[in-house]
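Trainee: I am new to this structure. Please take me through one part closely, and then show me what surrounds that part.

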Amino acid sequence: MTTVTTLHPSTTPSRLDKLLTHNPLQPLTRRHEVFDFLKPQHHPLIDTRHNILLYLEGVSVSFDGFQAIKDLNLYIKEGELRCIIGPNGAGKTTMMDIITGKTRPDSGQVWLGSNLNLLEMDEAEIATAGVGRKFQKPTVFECLSVRTNLELAMTGTRGVWQTFRAQLSGEQKDNIEQVLALIGLTEQRQMLSGNLSHGQKQWLEIGMLLMQKPKLLLVDEPVAGMTHQEMDRTAELLRSLAGQHSVVVVEHDMDFVRSIASTVTVLHQGHVLAEGNMADIQSNDKVREVYLGQ
């Protein structure tokens, strides 16, 4: 298996991208206009000219003497669908915690594109920059309708006063309908979210993330507890998101991984053990030994 080393552009002498500037001024009061919650709001400094959206380089972190992540190097291309697998304790959750700012590493670099140093940002800033995370257990507003959940998840300034005054434009309504169709819940738009099946709640939460216009989606064990039919629908949904979004899926179900993955990364003891297509992973002796128990 050939290993390709990718370095973040900050390791080279040229850092002209740092000279990029962004005008933060935005209209604050528009008496006769609706609020543009659904306009794309990707961070102006996200630069993927090297076709890499996420860089993790030399990342290590320990908890009370236990090294959860050890010299981890991981590169996620723009628009790709990547599956991360590994035994319990391999560092998968800690890796996502580091990317989203929940955990700070002891050493290493984490960048979104060429310009955004995620280690200098807090959780809210990282989310606003375009990183969305879906946890294993779906978290939706069960007392509200499916459509209202999506409306509340829109991007933009969502203070009490703004939300109270805002009206949805035709374009915004169309975007909600597009997401409903994408996640397969058009017919359930007025249903209380608490009455959805487990799989439907998972799709709704993915839809809520999509309303925030993320560049990177981190999805944790999306098919746990699903029926086979729901698993097939989830695979179709995640495949459809690749291209417009970079999608990182952490999953234990190998059949599901096989159905969606073009590239699989295997974590073991906090570092990358192997990486490649599913055939490469299945034939790797080290993977068989530490993950498949063979």
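Mentor: Start at C83, which stands opposite V264 in β9. This is a predicted model, so read every value here as computed from predicted coordinates. C83 has a relative accessibility of 1% and counts as buried, because buried means under 20%. Strand β3 (residues 81-85) is joined to strand β9 (residues 263-268) by 4 bridges. The two strands run parallel.

Now widen the view to the sheet. It is an open sheet of 6 strands. Their order is β6-β7-β8-β3-β9-β10, and the pairing is mixed. At the edges are β6 and β10 (271-276), and each of these pairs on one side only. On average, neighbouring strands of this sheet are turned by 20° against each other, with direction ignored.

Next, the helices on this sheet. α6 packs on the sheet and touches β6 and β7. The direction of α6 makes about 170° with that of β6. α7 also packs on the sheet, touching β3, β7 and β8 (246-250). The direction of α7 makes about 145° with that of β8.

Look at α6 by itself. Helix α6 covers residues 198-210, which is 13 residues. From first C-alpha to last, α6 reaches 19 Å, close to the 18 Å expected at 1.5 Å a residue. α6 is mostly covered, with 12 of its 13 residues buried. Among the buried residues are W203, L204, I206 and L209. K201, Q202 and E205 are buried as well. What do the buried residues of α6 pack against? They pack against β6 (131-134), α3 (146-152), α5 (170-182), β7 (216-220) and α7 (228-241).

Then turn to α7. α7 has 14 residues and reaches 20 Å from its first C-alpha to its last. That is close to the 20 Å expected at 1.5 Å a residue. Its buried residues are E230, M231, R233, T234, A235, L237, L238 and L241. The buried residues of α7 pack against β3, α5, α6, β7, β8 and α8 (254-260). Just after α7 comes G243, with a positive phi of about 110°.

In soluble globular proteins, nonpolar side chains tend to be buried together. Here the largest nonpolar core has 44 residues. Which of its residues touch the most other members? They are L204, L238 and V249. α6 supplies the largest share of this core, 6 residues. Follow L238 for a moment. Leaving out residues up to four places away in sequence, L238 touches L81, I206, V219, P222, V247, V249, F256 and I260.

4 strands form an open sheet in the order β2-β1-β4-β5, with antiparallel pairing. β2 (66-77) and β5 (116-117) stand at its edges. Each has a single partner strand, so one side of each is left without a neighbour in the sheet. Strand β1 (residues 52-63) is joined to β2 by 8 bridges. F63 stands opposite F66 in β2. Helix α1 (residues 92-99) packs on this sheet, touching β1, β2 and β4 (107-112). The direction of α1 makes about 115° with that of β1.

Two loops deserve a stop. Most residues other than glycine have a negative phi, and most peptide bonds are trans. D64 has a positive phi of about 50° although it is not a glycine. D64 is found in the loop between β1 and β2. Is D64 buried or exposed? D64 is exposed, with a relative accessible area of 86%. K213 likewise is not a glycine and has a positive phi, of about 55°. K213 is found in the loop between α6 and β7. K213 counts as partly exposed, at 24% relative accessibility.

Finally, go back to cysteine. A disulfide is a covalent bond between the sulfur atoms of two cysteines. With sulfur atoms within 2.5 Å as the rule, the count comes to 0 disulfides. C143, in contrast, is exposed, with a relative accessible area of 64%.

Key:
Residues are numbered from 1 along each chain as its sequence is written. This is a predicted model: local features need pLDDT of at least 70, side-chain atom pairs count only at pLDDT 80 or more; totals for chains, interfaces and linings use all residues. Side-chain values use heavy atoms; hydrogens and water are left out. The expected span of a helix is 1.5 Å times one less than its number of residues. Buried means under 20% relative accessible area, exposed over 50%, partly exposed in between (1.4 Å probe, protein chains only). Contact means heavy atoms within 4.5 Å. A nonpolar core is a set of buried Ala, Val, Leu, Ile, Met, Phe, Trp, Tyr and Cys residues joined through side-chain atoms within 4.5 Å. Two strands pair if DSSP finds at least two bridges between them. Axes are lines fitted to C-alpha atoms, for helices over the stretch in contact, and angles run from 0 to 180 degrees between N-to-C directions.
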